Amino acid sequence: MARSKDCKTACRHRFNNDTDGPVKFLWIDYDGQEHAYATVFPGQSHIQDTYTSHPWRARVADTGAEIGEYVGPGATLTVLPGARLRVEPGLQPRRPPDMHVAPWGWYRQRGRCARGHPIYAFDCVPDAAVRLAAFTMDCMTAHLPAPAVSRMHGWGAFLAIIGRGQVTTDIPQYAQYRGQDSGNGGGRVETATRGLGGGTSNPVSSVGEENLTMEDDVHYGCESILIHEWAHAVMDLGYAEQPLQAEIVECWKAAEKRGTYVKGSYIISNPGEYWAEASQAWFEATMRDDVTSGLKTRDAVKRADPWLASLLTRVYGDGPWRYWHTCPRPFTGDEARWQAGRALGGRTVPPVAPYQAVGGAELGWPAQAGPPQPTGPTPRPDQRRRRRRSASKWVEEVTETLAGMLKKL
Ligand SMILES: [Zn+2]
């Protein structure tokens, strides 16, 4: 009979459920008794820390029927249709199964960013939104250190796009959050959010289609939710169990103590939001003063919180790209800033096909020549010169606008 033995060798498993019903994973203790640790919903995955001498058993949640069990070093256990258990060594990246839901069509991999992270969406999400997501992820993570990228792959990080006509919990990997409180004071997850950040308990980050295209975004028309949520994934997955994560916590504590930010504002509410809001400021991807406590530009971060600026530089580098250079439409109420972005030579249209559409049969990791490298962060010298000239013109324009505004006041 299976039972746990005393052992000091820690390991980590990934439990996947590729069936259409929930599956329970149970730990078998020193007396052979079962303890339910995780219920994994269809198409979802769970990471479990354990020991190499501790057996784990999978059962169909609804009927209790036994599927199989495993004991040994870190592995990926996938329950396949027909209630079979597939065991693979180590933590395999998660590849969610294709899923068809009327009327949205198929949920499948639609592309991936330059660092290899898959982008999933239903057919109802247009290709343009997928391209914009990939492009922004490319610019944001162009300088992200390779070890962080591979840790994100190890955790199975990917992006899901919420269709304009969908709610957050329509993303299959969020099905378990239906009806739950969002925790942000806005009510339930499905109505109070248009994107979530990936973490170790669920590596899926998300963003609404309308926030990528900036087309009639009535929720977050003046900030990039993708940069906010992907920043959570970078911190929680790219730096999981790394010293940098502890340093972000220390940096946050110091900022709170110093009173750098308005007490009670979102940015200082916890280390995760501190990092995500600061990442938005680093790439100048927000116009909001309320949640950011006024921290909206890279210069402002460097001035107000130099320690934080040094951490952001280690993670993202200090390149020239800013979100508003390439934002496809003006932030709500900010036509002038958008025009300024255009004047800086930023693209208003993402590069041609930075990803390859994947057919159902070749689901997973498409073989491809590789997406073009983002041009934003590393302009060639001639572009740099052109940008500088445009920037001075832009300063003139902004000065004019400000003068006009002052006259009105
Ligand atoms: Zn957040």
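# Working chat: sheets, helices and cores

Me: How do β12 and β13 pair, parallel or antiparallel?
Reply: Strand β12 (residues 158-162) and β13 pair in the parallel sense, over five bridges. This is a predicted model.

Me: Which residue is the bridge partner of F158 in β13?
Reply: V204 is the bridge partner of F158.

Me: What sheet do they sit in, and what is its strand order?
Reply: An open sheet of five strands, in the order β9-β10-β11-β12-β13. The pairing is mixed.

Me: Which are the edge strands?
Reply: β9 (99-101) and β13 (204-208). Each pairs on one side only.

Me: And how are neighbouring strands turned?
Reply: By 30° against each other on average, direction ignored.

Me: Which strands does helix α1 lie across?
Reply: Helix α1 (residues 127-141) lies across β10 (105-112), β11 (118-122), β12 and β13. Against β12, α1 runs at about 140°.

Me: What about α5, which strands does that one lie across?
Reply: α5 lies across β12 and β13. The angle of α5 to β13 is about 175°.

Me: Is α5 buried or exposed?
Reply: Buried. 14 of the 14 residues of α5 are buried, so α5 is largely enclosed by the rest of the structure.

Me: What should its 14 residues span?
Reply: Helix α5 covers residues 225-238, and at 1.5 Å a residue it should span 20 Å. The end C-alpha atoms of α5 are 19 Å apart, which agrees.

Me: Switching to the largest nonpolar core. Which residues touch the most other members?
Reply: I119, A133, A160, I161, W230, A278 and L312. The core has 71 residues. In soluble globular proteins, nonpolar side chains tend to be buried together.

Me: What does the second, separate core include?
Reply: That core has nine residues, including F15, A58, A75 and V79.

Me: At what angle do α7 and α9 pack?
Reply: Helix α7 (residues 271-282) and helix α9 (residues 306-316) pack at an angle of about 75°. Their axes are 11 Å apart. The two helices are therefore roughly perpendicular to each other.

Me: Now the open sheet of four strands. What order?
Reply: β3-β2-β5-β6, with antiparallel pairing. The edge strands are β3 (34-40) and β6 (66-70), and each pairs on one side only. Neighbouring strands of this sheet are turned by 25° against each other on average, direction ignored.

Me: How many bridges join β2 to β3?
Reply: Six, with β2 covering residues 23-28. In that pairing I28 stands opposite E34 of β3.

Me: And how many join β2 to β5?
Reply: Five, and β5 is residues 56-60. V23 has V60 as its bridge partner in β5.

Me: How many for β5 to β6?
Reply: Four bridges, antiparallel. W56 stands opposite Y70 in β6.

Me: In the hairpin of β5 and β6, which residue takes a positive phi?
Reply: G64, with phi near 80°. The hairpin has five residues between the strands.

Me: Where does D18 lie?
Reply: In the loop between β1 (10-17) and β2.

Me: How many other C-beta atoms are within 10 Å of D18?
Reply: There are 19, so D18 is partly exposed. Buried would need 20 or more.

Me: What does D18 touch, again skipping residues up to four places away in sequence?
Reply: T78, V79, L80, P81 and P97. V79 is also in the nine-residue core.

Me: What separates the C-alpha atoms of D18 and F41?
Reply: 8.8 Å, though D18 and F41 are 23 residues apart along the chain.

Me: Zooming out, how many helices and strands are in the chain?
Reply: Twelve helices and 13 strands. Of the 409 residues, 38% count as buried.

Me: Among contacts between residues at least 6 apart in sequence, what percentage join residues at least 24 apart?
Reply: 62%.

How values were computed:
Residues numbered from 1 in each chain as written. Predicted model: local features only at pLDDT ≥ 70, side-chain atom pairs only at ≥ 80, totals over all residues. Pairing = 2+ DSSP bridges. Axes fitted to C-alpha atoms, helices over the stretch in contact; angles between N-to-C directions. Core = buried A, V, L, I, M, F, W, Y, C linked by C-beta atoms within 7 Å. Buried ≥ 20, exposed ≤ 12 C-beta atoms within 10 Å, placed from the backbone. Expected span 1.5 Å × (residues − 1). Contact = placed C-beta atoms within 7 Å. Parallel < 35°, antiparallel > 145°, perpendicular 65-115°, else oblique.
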